[in-house]
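Open the model in your viewer and keep the sequence panel beside it. This tour goes from one selection to the next and says what is there.

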Amino acid sequence: MPKSFSDAERAYIKSKLIDSAKACLSQYGVRKTTVDELVKRAKIPKGTFYLFYDSKELLFFDILCEFHDEMHRKLLKEAESIRNDINPQKLTDLIFGIYKMIEESFIVCFLNDGEMERLLRKLPPEIAQKHVLKDNFDVENLFAVAPQLKGMDTKAMSAALRALFFTILYKKEIGESVYDNSLKILIHGVVLQMFGEDKQ
């Protein structure tokens with residue numbers, strides 16, 4: 001019979017697993033991290049791990065989603081703070097700032113050596129799809145925060161912003177010295193369409 005934990009114990013164990021996974025992600029990546037290594041760092045029995053996650057991939061995906069939600073909360077909060085004075089340049093700078101925070105975080109380890117693709121391939125399809133739908137919903141929230149934005153196709157806009165994020169995979173090919181300026185130009189193009197200014 002599985003051991004029952006109090007809410008406080010569950011929160012503590014999950015926190016330890018997440019910290020262990022982040023450390024392993026930076027050191028080994030998804031593929032080379034084992035459940036044995038995770039439980040060793042978290043100082044829990046292996047059986048306890050499986051009370052929380054069916055696989056290491058689900059743990060890593062949980063971390064990815066948590067970070068994603070944190071970045072979206074920050075984006076929406078900052079957009080809310082300038083909602084009455086928002087314009088294409090301000091929104092471009094805001095989104096660019098979020099992208100740079102992501103680039104400088106531990107999350108970039110997911111983008112190395114096909115780690116993101118490998119992770120998504122190992123997940124149940126419905127879980128990966130749920131994340132995409134949530135991404136679409138977050139863009140809808142951004143549109144709601146900034147009434148100046150037009151009623152564009154939120155799915156397409158969400159996909160466009162995701163596509164821009166993945167340009168980090170080709171930073172060297174694009175040119176590291178011009179990457180930031182190039183990314184800002186691309187973001188600005190998407191933002192202009194959000195404001196309905198693409199046909200000017």
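Start with the core. The largest nonpolar core of this predicted model has 61 residues. A nonpolar core here is a set of buried Ala, Val, Leu, Ile, Met, Phe, Trp, Tyr and Cys residues joined through side-chain atoms within 4.5 Å. Buried means under 20% relative accessible area, exposed over 50%, and partly exposed in between (1.4 Å probe, protein chains only). Select Leu-17, Leu-59, Leu-91 and Phe-110: these have the most contacts inside the core. Helix H5 gives the core its largest share, 12 residues. In soluble globular proteins, nonpolar side chains tend to be buried together.

Two notes on reading the model. Residues are numbered from 1 along each chain as its sequence is written, and side-chain values use heavy atoms, with hydrogens and water left out. Because the model is predicted, local features need pLDDT of at least 70 and side-chain atom pairs count only at pLDDT 80 or more, while totals for chains, interfaces and linings use all residues.

**Zoom out: the whole chain**

Colour by secondary structure. The protein has 11 helices and zero strands. Helices (H or I, at least four residues) and strands (E, at least two) are DSSP runs, numbered from the N terminus. Along the principal axes, the C-alpha atoms fill a box of roughly 65 × 40 × 30 Å. Of the 200 residues, 43% count as buried. Accessible areas come from the Shrake-Rupley method with a 1.4 Å probe; for residues, only the protein chains shown count as cover.

Contact means heavy atoms within 4.5 Å. Among contacts between residues at least 6 apart in sequence, 70% join residues at least 24 apart.

Return to Leu-91. Not counting residues up to four places away in sequence, Leu-91 touches Ile-86, Leu-142, Leu-149, Val-191, Met-194 and Phe-195.

Step on to Thr-92, in helix H6 (residues 88-103). Is Thr-92 buried or exposed? Thr-92 counts as buried, because its relative accessibility is 1%. Leaving aside neighbours within four places in sequence, Thr-92 is in contact with Lys-184, Ile-187, His-188 and Val-191. Show the side chains of Thr-92 and His-188: they make a polar contact at 2.9 Å. A polar contact is a pair of N or O atoms within 3.5 Å; within protein, one must be able to donate a hydrogen and the other to accept it, and residues adjacent in sequence count only if both atoms are side-chain atoms.

**Select Lys-100, Glu-103, Lys-171 and Asp-180**

Stay in helix H6 and move to Lys-100. These four residues are linked in a network of salt bridges. A salt bridge is a side-chain nitrogen of Lys or Arg within 4 Å of a carboxyl oxygen of Asp or Glu. Side chains of opposite charge can pair when their charged atoms come close. By this rule the count comes to nine salt bridges.

Take Glu-103 and Lys-100 at 2.6 Å, N to O. Three residues apart in H6, they are separated by about one helical turn. Glu-103 is buried at 16% relative accessible area, and Lys-100 is buried at 14%.

Next, pick Asp-180 and Lys-100. Their closest N and O atoms are 2.8 Å apart. This pair links distant parts of the chain: Asp-180 is in helix H11 (residues 179-194) and Lys-100 in helix H6, 80 residues apart. Asp-180 counts as partly exposed, at 29% relative accessibility.

Then go to Arg-83 and Glu-80, whose side chains meet in a salt bridge (3.2 Å, N to O). Arg-83 is partly exposed at 26%, and Glu-80 is partly exposed at 38%.

**Select helix H3**

H3 spans residues 35-42, and its buried residues are Val-35, Glu-37, Leu-38, Val-39 and Ala-42. What covers them? The cover includes helix H1 (7-27), helix H4 (46-52) and helix H5 (56-81).

**Last stop: a surface patch**

Select Leu-169, Tyr-170, Ile-174 and Val-178. They form a nonpolar patch on the surface, with about 340 Å² of accessible area together. Such patches are made of residues with over 30% relative accessible area and no salt bridge: like charges are joined within 9 Å, nonpolar side chains (Val, Leu, Ile, Met, Phe, Trp, Tyr) within 5 Å. Tyr-170 sits in the loop between helix H9 (154-165) and helix H10 (171-174). Tyr-170 is partly exposed, with a relative accessible area of 48%.
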